[in-house]
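Biologist: I want to learn to read a model like this one. Can we take it feature by feature?

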Amino acid sequence: MNNRIKALRENQNLRQSDLAKATGIDQRTISNYETGKSNPDSYALIKLADFFGVSIDYLVCRTNYDLYSSEKKKRAITDLQSALEDLKKMI
C-alpha cells in the first residue's frame, strides 16, 4: 500500500506537504504511510481515495484495477476482453 500512495502522489507531481494540505493528513503521517512505518486508518483511507479518485481496494493493493470511475471500468473490461481474445488464439 505504501508504494501505491507514493506512486499516486508522484503521478500528480505532488510533494508530501501538498498532499497533507489537500487531505488534512499530517505530512509526517503521509511519510510514515509511504515508508510502511504505519498504515492509514479508515478515515485516512477515505480521504486519500477521494482525493486521488480511486477505490480503497486499489489504494490498499487489493486490486490492480482502479475501477472507481466508469471510464476506468470500461478500459479494464476492454483490456480483459483483448487478453481473452489473445488467449483464445493460442488454443
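Biologist: What does aspartate 18 count as, judged by its relative accessibility?

Modeller: Start with the scale. Buried means under 20% relative accessible area, exposed means over 50%, and partly exposed is in between (1.4 Å probe, protein chains only). Aspartate 18 has 22% relative accessibility, so the residue counts as partly exposed.

Biologist: What should I know about the model itself?

Modeller: It is a predicted model, in which local features need pLDDT of at least 70 and side-chain atom pairs count only at pLDDT 80 or more, while totals for chains, interfaces and linings use all residues. Residues are numbered from 1 along each chain as its sequence is written, and side-chain values use heavy atoms, with hydrogens and water left out.

Biologist: With which residue does aspartate 18 form a salt bridge?

Modeller: A salt bridge puts a side-chain nitrogen of Lys or Arg within 4 Å of a carboxyl oxygen of Asp or Glu. Aspartate 18 bridges to arginine 15, with the closest N and O atoms 2.9 Å apart.

Biologist: How many salt bridges does the structure hold?

Modeller: Five. One of them joins arginine 28 and aspartate 26, at 3.5 Å from N to O. Arginine 28 counts as exposed because its relative accessibility is 61%. Aspartate 26 is partly exposed, at 40%.

Biologist: Which parts of the chain does the pair of glutamate 34 and arginine 9 link?

Modeller: First, the naming. Helices (H or I, at least four residues) and strands (E, at least two) are DSSP runs, numbered from the N terminus. Glutamate 34 sits in helix H3 and arginine 9 in helix H1, so-called distant parts of the chain, 25 residues apart. Their closest N and O atoms are 2.6 Å apart. Both residues are buried.

Biologist: Which residues touch the most other members of the largest nonpolar core?

Modeller: Such a core is a set of buried Ala, Val, Leu, Ile, Met, Phe, Trp, Tyr and Cys residues, joined through side-chain atoms within 4.5 Å. Here the largest one has 15 residues, and Leu8, Ile25, Tyr33, Leu48, Phe52, Val54 and Leu59 touch the most other members. Two or more residues come from each of H1 (2-11), H2 (16-23), H3 (27-35), H4 (42-52) and H5 (56-59). H4 gives the largest share, five residues.

Biologist: What is isoleucine 25 in contact with, beyond its sequence neighbours?

Modeller: Contact means heavy atoms within 4.5 Å. Leaving aside neighbours within four places in sequence, isoleucine 25 contacts Ala20, Ile30, Tyr33, Ala44, Lys47 and Leu48.

Biologist: And arginine 4: what does that residue contact?

Modeller: Arginine 4 lies in helix H1. With the neighbours within four places set aside, its contacts are Tyr58, Leu59, Cys61, Thr63 and Asn64. Arginine 4 is buried, because its relative accessible area is 14%.

Biologist: Where is asparagine 64?

Modeller: In the loop between H5 and H6. Asparagine 64 is exposed, with a relative accessible area of 63%. Not counting residues up to four places away, asparagine 64 touches Arg4 and Tyr58. Its C-alpha atom is 26 Å from that of serine 17, 47 residues apart along the chain.

Biologist: Which value of phi does cysteine 61 have?

Modeller: Near 65°, which is positive, in a residue other than glycine. Cysteine 61 is also in the loop between H5 and H6, and is partly exposed at 36%. Asparagine 13 has a positive phi too, about 55°, and is not a glycine. Asparagine 13 lies in the loop between H1 and H2, exposed at 71%.

Biologist: How many aromatic pairs does a search of the whole structure find?

Modeller: A pair of aromatic rings is described by the distance of the centres and the angle of the planes. Rings of Phe, Tyr and Trp (its six-membered ring) pair if their centres lie within 6.5 Å; planes under 30 degrees apart count as stacked, over 60 as edge-to-face and the rest as tilted. The search finds one pair. Phenylalanine 51 and phenylalanine 52 are edge-to-face, 5.1 Å centre to centre with 75° between the planes. Phenylalanine 51 is partly exposed at 30%, whereas phenylalanine 52 is buried at 8%.
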